[in-house]
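Open the structure in your viewer and keep the selection tool at hand. The tour goes from the whole chain to single residues.

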Amino acid sequence: MGTLADEYANNLGEKIIARKEEMKKDDNSHYLIYRVLGISNNEGMLIDKYQNTGRFLYKYAGSFLEEAASLCLFFANSQGGKTTVENTEGIKPKTFEIDFLNGNDAVELKWRDATTDGDHITKEHTRVMVIKKHGYNPIRVMFYYPQREQAIKIQKTLKTIYSAVDGEYYSGDDAWDYITKISGYDLKLILTEIAERRDNEKTNN
């Protein structure tokens, strides 16, 4: 797991450095509007910098955690893995992806889901129905619960959708516990140890 973490950390660092170099050539004439709204040039520069690099961070954080969770499941069941099922309920999309098919359990892994788009409910409802009709048990594992009211409402609706088809929905601590129970690996503890080692390395450098 440490090797995977190093790989993601290195790639993220390279992306951030490259983007910062690109931004040095950006046209910052839009800072005029920032200033009208009470944001100084320096503040605007920092906001733009963190917004740009933040996009990479969110993408890499999500991809890393989902891959790490998949690895735990794979170590426990090397016969399982990512797969797709044909959409029997509509035309688009043609297929739905299952992050990890663990026996009969179709596990969807999410680091977090902060969407507030109502269409997301429709798509997820269709996805769950399709997976169920293919004879699998739909399971949603989301490690970090959203904090905004509308996003929370969406998640409550999704949980109801899973319950309606006798599926399973785990979020927050329950999601971490699910991975530990199913795989035998305490992923949160493993990641905590890696994070603490990173902290110590920075302190000692």
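The stops below each say what to select and what is there.

**The whole chain**

Start with everything shown as a cartoon. This is a predicted model, with a mean pLDDT of 93 over the chain. Colour by confidence: 100% of the residues reach 70 or more. Confidence is lowest in helix α4, residues 118–133, where the mean is 90. Helix α6, residues 173–183, has the highest mean, 97.

Now colour by secondary structure. The chain has 7 helices and 5 strands. Followed from the N terminus, the elements come in the order α-α-α-β-β-β-α-β-α-β-α-α. Turn the model to see its extent: the C-alpha trace spans about 55 × 40 × 30 Å along its principal axes. The chain has 205 residues, and 35% of them count as buried. Of the contacts between residues at least 6 apart in sequence, 70% join residues at least 24 apart.

**The nonpolar cores**

Hide the surface and select Val-107, Val-141, Phe-143, Ile-179 and Leu-187. Within the largest nonpolar core, a set of 26 residues, these five have the most contacts. Next, colour the elements that give two or more residues to this core: α1 (2–23), α3 (41–76), β3 (105–112), β4 (137–144), α6 and α7 (187–204). Helix α3 gives the most, 8 residues.

Stay with Leu-187 and show what surrounds it. Which residues is Leu-187 in contact with, leaving aside neighbours within four places in sequence? They are Met-1, Leu-65, Ala-68, Ala-69, Cys-72, Trp-176, Ile-179 and Thr-180.

Then select Val-128, Ile-154, Leu-158 and Ile-161. These belong to a second, separate core of 8 residues.

**A nonpolar patch outside**

Bring the surface back and select Leu-32, Ile-33, Val-36 and Leu-37. Together they make a nonpolar patch on the surface, with about 430 Å² of accessible area. Leu-32 is in helix α2, residues 31–36, and is partly exposed, at 47% relative accessibility.

Select Asn-137, in strand β4. Is Asn-137 buried or exposed? Asn-137 counts as buried because its relative accessible area, 12%, is under the 20% cut-off. Beyond its neighbours within four places in sequence, Asn-137 is in contact with Asn-104, Asp-105, Ala-106, Asp-166, Gly-167 and Glu-168.

Move to Lys-94, in the loop between β1 (81–86) and β2 (95–102). Lys-94 is exposed, with a relative accessible area of 70%. Not counting residues up to four places away in sequence, Lys-94 touches Val-85, Glu-86 and Asn-87.

**Salt bridges**

Show the charged side chains. The whole structure holds 13 salt bridges, and three of them are the next stops.

- Select Arg-19 and Glu-22. Their closest N and O atoms are 3.0 Å apart. Both residues lie in helix α1, 3 residues apart, which is about one turn of the helix. Arg-19 is partly exposed at 22% relative accessibility, and Glu-22 is partly exposed at 47%.
- Select Glu-89 and Lys-133. Their side chains meet in a salt bridge of 2.6 Å, N to O. Glu-89 is in the loop between β1 and β2 and Lys-133 is in helix α4, so this pair ties together parts that are 44 residues apart in sequence. Glu-89 is partly exposed at 38% relative accessibility, while Lys-133 is exposed at 56%.
- Select Arg-140 and Asp-113. The closest N and O atoms of this salt bridge are 2.6 Å apart. Arg-140 lies in strand β4 and Asp-113 in the loop between β3 and α4, so the pair ties together parts that are 27 residues apart in sequence. Arg-140 is buried, with a relative accessible area of 0%, and Asp-113 is buried at 7%.

Conventions: Residues are numbered from 1 along each chain as its sequence is written. This is a predicted model: local features need pLDDT of at least 70, side-chain atom pairs count only at pLDDT 80 or more; totals for chains, interfaces and linings use all residues. Side-chain values use heavy atoms; hydrogens and water are left out. pLDDT is the predictor's confidence in each residue, from 0 to 100. Helices (H or I, at least four residues) and strands (E, at least two) are DSSP runs, numbered from the N terminus. A nonpolar core is a set of buried Ala, Val, Leu, Ile, Met, Phe, Trp, Tyr and Cys residues joined through side-chain atoms within 4.5 Å. Buried means under 20% relative accessible area, exposed over 50%, partly exposed in between (1.4 Å probe, protein chains only). Contact means heavy atoms within 4.5 Å. Patches are made of residues with over 30% relative accessible area and no salt bridge: like charges are joined within 9 Å, nonpolar side chains (Val, Leu, Ile, Met, Phe, Trp, Tyr) within 5 Å. Accessible areas come from the Shrake-Rupley method with a 1.4 Å probe; for residues, only the protein chains shown count as cover. A salt bridge is a side-chain nitrogen of Lys or Arg within 4 Å of a carboxyl oxygen of Asp or Glu.
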